[in-house]
Amino acid sequence: MITLKNVILRRSAKVLLDGASVTINPGEKVGLVGRNGAGKSTLFALFNGTLHEDGGDFSIPKQWRMAQVAQNMPETDESATDFVVTGDTRLVELREALAAAEAGHEADPDDADLGMALAHAYTDLADAGEHDAVPRAQALILGLGFKPHELDQPVNSFSGGWRMRLQLARALMCPSDLLLLDEPTNHLDLDALVWLEAWLQKYAGTMIVISHDREFLDAVTDVTLHIEHARLNRYGGNYSAFETLRAQQLELQQAAYAKQQDKIAHLQKFIDRFKAKASKAKQAQSRVKALERMEKVAPLLAEADFSFEFKEPGNIPNPMLTISDGSFGYQSEDEPTRIVLRGVNRSVLAGQRIGILGANGQGKSTLVKTIAREMGALAGTITEGKGLNIGYFAQQELDVLRPQDTPLEHMVRLARELGAAARERTGEQDLRGFLGSFNFSGDMVKQPVGTMSGGEKARLVLAMMVWQRPNLLLLDEPTNHLDLATREALAVALNEFEGTLMLVSHDRALLRSVCDEFWLVGRGVVSDFDGDLDDYQRYLLEESKRLREEAKAAMNAVAVELTPVAQETPPAGKDQRRQDAQDRQQRSERAKPLKRELAQVDQRLADAGAEKAALESRLAQPLPAPEIAEAGKRLKALNDEIEQLEERWLDLSDQLEALA
């Protein structure tokens, strides 16, 4: 188990944990929650050994294997599959041990110890799952939303978000007793999120996860650790249970505090009244001591809850926009046009609150980008209502902020771009006040954006969007990097927004709270989705099954297409028939030795496979050192022979197919 006893943790001069004590039992699934900056990532650093406690005692079983998602962006030409396979650190170690054992044995084949090391290396590698490492890795990659044809693509060919998915797959690939996940859902679509939940529910080890997705926490955790005011509190149950228990505790604490304040006031009144009277001095002094001994109940410290609101739009056209016979996709000079969605006929009306659903890669972002004017329609027309003012939050919006510029500089530039219509709000003091409402106060307005956290950058993007007073909001995964408090503030602001909303999000709590209808993007079309998010999760499972069956059918179709088909030919003349017969005879003669060799190779492969299985079974038993060395040497020779036989079998098969 993991234990903390009176642990003190500091970052620079700031005390993040002061006297924290908690126990995490083996096999528990723990959600770690708290405000941004409360110390969640610092506590993770204590768990993974990169940071040590400043006071108190911390212990974790030394034999536990730990896995966590690397935060660096991978830069490698390795294929996606190979990259994820090497996440199995045990497998990598054993492969290196095998290579060393093979090198030593080749240098001195008569050394019994080296032979034993070689045999043990083969056995350990088999026990570690070498035989199914690639299928395991590919199952993780596909589960996280990649396509089958991407399994062998180099890691560098993917965008940043997809590379971080590969980092997550590596962490899941690693055999572990403790799994640390810091915001694992940030780069996932809803279909990949549903898959991840199912995988984590089956994980047998201890898991600690930082997340701001309440439904994800509810699905995968059974214990909640809450960091607040430098204290660490444990609650049994998932996030929803934690909220209920904490609300009850706060209510009890407030009642106890109020009751104690009444008692203190009563004692103080007695002291003040009688401290000057000799006959009552002893009693007054007794009450002074009672006040000093009293263990004070702490008052509820009101946290600065973040809130904001969208300004009332200047006008709201109806319809906001109309799409007629639209085809959306990608067009470039170097590549052929790729149509993602076709036959789109939709109207967006004033006041609609639309959630856009769809499996990964089906075209949700393509639809939103086209409506947002980031991409042009390939066909059809998009008719916008007069005065349409779009506020667009893109997944990559944080990346287009200028790292060297400050929030104030971003706002000044935005004000200049909008021009005269907003001049009354472009004074520096006005912009400072506006940024202050988004928790950019004091010197933060002059802090370079590149030094800010992801949550702070997201708040800045929200501020810039709100300032433009849009009447149509297009939000594509706006909650990435937002903490729970900011997500709740966003939900409140969206519910009070008087314009029209279109939302793509993997945050089901946000979708449930702000959307009253859903569009489904899938199979190349946009349609109404009649159902709720629970129905949609069932749809995702069915869609995943359908895609697997389609892929299988496509492979079968390719196989049929490659099979030679007899063509109808006009009757051949006598000379032609004689020539054809001679050709068939020659091909038959040339094929005979190839068929004989193929049969021999088949038989030898069967014999070598049986001998290999018997050797592996034998090596699993206790044997004298010389026998282990000899068996290991023979096993190596058999593996080499089987590899050569398989290559020869393929070569002979190709030759026979050519003759046929």
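This is a predicted model: local features need pLDDT of at least 70, side-chain atom pairs count only at pLDDT 80 or more; totals for chains, interfaces and linings use all residues.
Residues are numbered from 1 along each chain as its sequence is written, and side-chain values use heavy atoms, with hydrogens and water left out.

Let me stay with Arg234, whose side chain meets that of Glu28 in a salt bridge at 2.7 Å, N to O. Arg234 belongs to strand S9 (residues 231–236) and Glu28 to the loop between S2 and strand S3 (29–34), so the pair ties together parts that are 206 residues apart in sequence. Helices (H or I, at least four residues) and strands (E, at least two) are DSSP runs here, numbered from the N terminus. Glu28, with a relative accessible area of 13%, is buried.

By the rule applied, a side-chain nitrogen of Lys or Arg within 4 Å of a carboxyl oxygen of Asp or Glu, the count comes to 22 salt bridges. Another one joins the side chains of Arg95 and Glu130 at 3.2 Å, N to O, and this pair links distant parts of the chain, with Arg95 in helix H3 (residues 89–107) and Glu130, 35 residues apart from it, in the loop between helix H4 (112–127) and helix H5 (133–143). Arg95 is partly exposed at 34% relative accessibility, and Glu130 is partly exposed with a relative accessible area of 29%.

Arg214 pairs with Glu243 in a salt bridge whose closest N and O atoms are 2.9 Å apart. Arg214 sits in helix H8 and Glu243 in helix H9 (residues 239–274), so parts 29 residues apart in sequence are tied together. Salt bridges that share partners also join Glu197, Glu215, Arg508, Arg512 and Asp534 into one network.

Next comes Ser211, which lies in the loop between strand S7 (206–210) and helix H8 (214–220). Ser211 has 1% relative accessibility and therefore counts as buried. Leaving aside residues up to four places away in sequence, Ser211 touches, among others, Leu32, Glu183, Phe216 and Leu484, contact meaning heavy atoms within 4.5 Å. The side chain of Ser211 also reaches the backbone nitrogen of Asp213 at 3.1 Å.

Finally, the pockets. A pocket is an open set of points on a 1 Å grid over the protein atoms alone, where a 1.4 Å probe fits, with protein on both sides within 12 Å along at least five of seven lines, and its lining residues have an atom within 4 Å of a point.

The largest pocket is lined by 49 residues, of which Ser159, Trp162, Asn360, Ser365 and Gln395 lie nearest its centre. Helix H6 (160–173) is among the elements that give two or more residues to this lining, and H6 gives the most, with five.

The second largest pocket has 42 lining residues, and nearest its centre are Asn36, Gly37, Lys40, His212 and Ser453. Elements giving two or more residues to that lining include strand S2 (14–24), helix H1 (40–47) and H6, whereas the largest share, four residues, comes from H15.

Note on methods:
Buried means under 20% relative accessible area, exposed over 50%, partly exposed in between (1.4 Å probe, protein chains only). A polar contact is a pair of N or O atoms within 3.5 Å; within protein, one must be able to donate a hydrogen and the other to accept it, and residues adjacent in sequence count only if both atoms are side-chain atoms.
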